[in-house]
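I opened this two-chain entry to look up a few packing details. My notes follow in the order I took them.

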Amino acid sequence: MSSVKIELRKDQIEKIHETCEQFGNSEGELINILHRVQGTFGYLPAEVQEVIAEKLNIPVARVYGVVTFYSYFTMTPKGEFPISICTGTACYVRGAEKVLGEFKKELQIEVGETTADGKFSLSCLRCVGACGLAPVVLVGDKTYGRVAPDDVKEIIGEYQS
Amino acid sequence: MKMVNITLDGNHIEVPAGTTIYESAKQVHIDIPALCYMDLKDLNIRNRPGGCRICVVEVEGRRNLAPSCSTAVEEGMVVKTNSVRVINARRTVMELILSDHPKDCLTCAKSGQCDLQQMAIRLGIRDIPGQEYAEMSTYRLDTSPSIIRELDKCIMCRRCETMCNDFQTVGALHAINRGFYAVVAPAFEMNLEHSPCTYCGQCVAVCPTGALTEVDHTGKVIAALNDPAKTVVVQTAPAVRAALGEEFGMKPGTLVTGKMVTALRHLGFNYVFDTDFAADLTIMEEGTEFLGRLTRFLDGDTEVQMPILTSCCPGWVNFFEHHFPELKDIPSTARSPQQMFGSVAKSYFAEKIGVERKDMVVVSIMPCLAKKYECQREEFMVDGVPDVDISISTRELAHLIKQANLDLVEMTDGDFDLPLGESTGAGVIFGTTGGVIEAATRTAYEIYTGKTLEKIDFEQLRGMDGLRSATVDFGGQEIRIGIAHGLGNARKLLEEIKSGKSQYHAIEIMACPGGCIGGGGQPLHHGDASILQARAKAIYEEDRNKKIRKSHENPFIQQLYADYLGEPFSEKAHALLHTHYFDRRKRVFQI
């Protein structure tokens with residue numbers, strides 16, 4: 001179940017309908033529709049999936065099946081400052097796991113979650129092509145290299161003002 | 001038809017182009033093992049995702065092993081189904097499937113009926129290498145009024161998904177997540193109870209493992225039978241007698257009506273009655289309602305809702321309440337036979353024998369899982385006490401009989417008790433697709449025309465096609481009848497009604513393939529649809545053997561109306577035998 005409960009506004013529903021129509025209300029275009037709608041909303045809450053299912057005349061269980069199959073799709077909104085920790089091989093062996101643990105502890109959230117104030121979200125990714133800087137952390141578009149667990153507090157602090 | 005020549009395990013065979021390797025092998029009596037594959041031929045239901053990989057075979061010239069269930073034959077193909085490579089691969093696949101499967105076979109509800117267990121036996125699996133390192137799935141248990149989902153036991157064969165989506169078009173279940181966490185579940189992993197599930201139980205009927213099973217109420221029945229303060233009354237649905245024998249090794253299609261009655265008496269029920277009696281009662285009420293609507297319609301009344309739809313099937317009722325709530329005024333208001341029985345047993349019969357309502361327990365034996373939910377619906381309770389207390393399936397009855405050390409096969413034939421055990425052939429055929437409408441036709445024809453039927457059998461209403469239509473001549477008035485079994489077929493008729501294109505006067509709908517004989521609570525058919533045909537044949541045989549074959553001629557039905565209800569559709573009949581429907585269309589934000 002979605003952790004966030006929202007009620008969609010009329011114009012938001014219309015926007016989703018519009019997207020579905022652009023793809024001919026075709027079930028075969030479900031992935032494209034989800035992709036586009038996530039682009040608009042930032043994520044795919046249950047309510048949005050339901051509107052899409054109704055419009056395409058397919059069970060919402062099928063939409064949910066697709067959303068949960070592809071890691072690109074997310075049901076929780078990303079934070080204002082999305083934090084990504086690289087857990088690719090190079091970063092991993094240089095201690096990414098410990099850095100990740102420190103972020104979890106400081107932010108009190110798990111991977112895939114967003115802080116209650118909507119400021120930070122936590123995710124893992126595999127290799128940003130900067131293995132020389134391992135372990136690497138991304139906050140939004142900014143890259144931090146050779147991050148040690150002790151640096152975590154400071155990094156978060158940069159965005160807390 | 002273009003034919004193709006192939007060599008399979010050294011046999012030269014000729015098969016139609018497009019045939020799968022799996023099907024071709026059957027021609028030379030080679031039964032390739034398969035888990036996810038399912039083909040209910042006559043019913044046009046097929047599941048072959050090629051997912052389990054148990055059915056892999058070696059095809060000469062191909063680098064990889066091929067799943068035989070989804071690989072079509074080609075001219076000159078040379079196939080080996082039992083080479084060392086195949087056997088090793090198959091064993092590895094099986095070991096991987098078993099590695100995260102719970103090993104509680106001894107206490108599993110599916111034990112003895114589990115396709116996975118049978119496969120492990122067949123492949124001679126004695127050890128699961130790496131078991132000690134294997135991570136086990138810990139999916140939560142989901143219990144609804146009818147069905148239990150224990151997804152740790154799901155092997156992702158997706159048969160349930162095929163039934164729920166392709167055949168039933170209910171869309172409650174879908175494969176979700178990926179890899180180790182992949183299971184079949186409702187949207188947002190909500191409980192089945194909150195999903196559009198109709199409890200038809202067809203997912204349970206095809207699940208190869210213990211992942212989907214019925215809620216077991218046998219313990220409650222035993223407790224009631226052992227409570228000296230309670231008068232325990234049992235009713236048995238028509239389809240049960242045509243299938244119960246299978247649980248005791250009898251041939252599909254063996255009627256065990258008399259033996260079942262004797263077994264129920266041995267189990268300790270105070271009164272052994274028949275849902276068929278209530279089926280006759282349903283015909284009186286539904287038939288009267290139909291004729292009322294028909295007469296108004298033919299007189300040019302534009303307000304009247306046509307066609308009338310049958311309402312005996314609780315899976316079907318759930319379906320239109322969830323998916324077509326805007327049509328909820330079209331089905332007959334007649335309660336299902338199960339509920340009519342409970343209502344009459346706890347009023348008319350309880351008064352007759354001087355037992356208070358609270359001291360009577362009504363147990364129903366049903367081929368159905370939706371009945372478990374139906375009897376818990378609030379509108380079928382009086383002061384919080386349900387008309388039908390406990391509903392158990394044919395399979396659960398078999399367990400009760402076995403636990404009581406009774407040998408059903410050797411039982412002598414017993415007779416149902418009176419008055420609620422007397423029924424006609426019309427009541428019996430409720431158990432198969434087309435039966436309810438045939439029973440209604442027998443009675444409606446005679447009342448409408450005032451003439452006696454020359455021929456009681458309406459062959460044009462019978463058969464196994466998912467969608468059927470027939471015309472019956474009511475003394476010059478043509479009555480057009482539609483029949484659907486399987487909710488996907490029902491959906492087509494409902495769409496017609498919604499768009500104002502329906503040409504029918506009356507429509508019978510049953511949720512399960514073949515009607516109740518193929519219900520979710522019946523002995524498992526393990527993919528063999530011919531079993532359903534055999535059960536249907538048995539139902540019609542029972543009808544032919546009945547002295548009385550028209551509901552309105554049942555003397556105890558006549559007596560019930562004379563002594564208690566007045567006439568069909570009377571105020572009292574309305575209070576006890578009719579119901580109303582709800583809009584249950586579910587939206588996420590309401591959950």
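Helices (H or I, at least four residues) and strands (E, at least two) are DSSP runs, numbered from the N terminus.

**Ground rules.** This is a predicted model, in which local features need pLDDT of at least 70, side-chain atom pairs count only at pLDDT 80 or more, and totals for chains, interfaces and linings use all residues. Residues are numbered from 1 along each chain as its sequence is written, while chains are lettered from A and ligands numbered from 1 in the order in which they are written.

**Chain A, overview.** I noted seven helices and four strands in chain A. Their order along the sequence is α-α-α-α-β-α-α-β-β-β-α. The C-alpha trace of chain A spans about 50 × 30 × 25 Å along its principal axes. Of the 161 residues in chain A, 30% are buried (20 or more other C-beta atoms within 10 Å of the residue's own; exposed is 12 or fewer, partly exposed in between; C-beta atoms are placed from the backbone). Chain A is split into domain 1 (10-69) and domain 2 (81-158), with bounds from an automatic or database domain assignment. The C-alpha centres of these two domains of chain A lie 31 Å apart.

**H2 against H3, chain A.** I took H2(A) (residues 30-41) and H3(A) (residues 46-56) next. Their axes come within 11 Å and cross at roughly 140 degrees (axes are lines fitted to C-alpha atoms, for helices over the stretch in contact; angles run from 0 to 180 degrees between N-to-C directions). H2(A) passes H3(A) in a right-handed crossing. Which residues of H2(A) meet H3(A)? Leu30(A), Ile33(A), Val37(A) and Phe41(A) meet Val48(A), Ile52(A) and Leu56(A). Contact here means C-beta atoms, placed from the backbone, within 7 Å. By class I get seven nonpolar, no polar and no charged residues (Ala, Val, Leu, Ile, Met, Phe, Trp, Tyr, Cys and Pro are nonpolar; Asp, Glu, Lys and Arg are charged; the others, Gly among them, are polar).

**H2 against H4, chain A.** H4(A) covers residues 60-69 and packs on H2(A) at about 70 degrees, with the axes 11 Å apart. The two helices are therefore roughly perpendicular (65 to 115 degrees; under 35 is roughly parallel, over 145 roughly antiparallel, the rest oblique). H2(A) passes H4(A) in a right-handed crossing. Leu30(A), Ile31(A) and Leu34(A) meet Val63(A), Val66(A) and Val67(A).

**Chain B, domains.** Chain B has domain 1 (3-97), domain 2 (100-215) and domain 3 (219-577). The C-alpha centres of domains 2 and 3 of chain B are separated by 30 Å. Their contact takes 19 residues from domain 2 and 23 residues from domain 3. On the domain 2 side, H5(B) (residues 202-206) gives the largest share, three residues.

**H12, chain B.** Why is H12(B) (residues 394-403) largely enclosed by the rest of the structure? Because seven of its ten residues are buried. They include Arg395(B) and Glu396(B). The buried residues of H12(B) pack against H6(B), H7(B), E16(B) and E19(B). Just after H12(B), Asn405(B) takes a positive phi of about 60 degrees.

**A to B.** The contact takes 17 residues from chain B and 15 residues from chain A. Strand E10(B) (residues 174-176) supplies the largest share of the chain B side, three residues.

Technical notes
Two residues are in contact if their C-beta atoms, placed from the backbone, lie within 7 Å. A crossing is left-handed if the near helix is turned anticlockwise from the far one by less than a right angle, and right-handed if clockwise.
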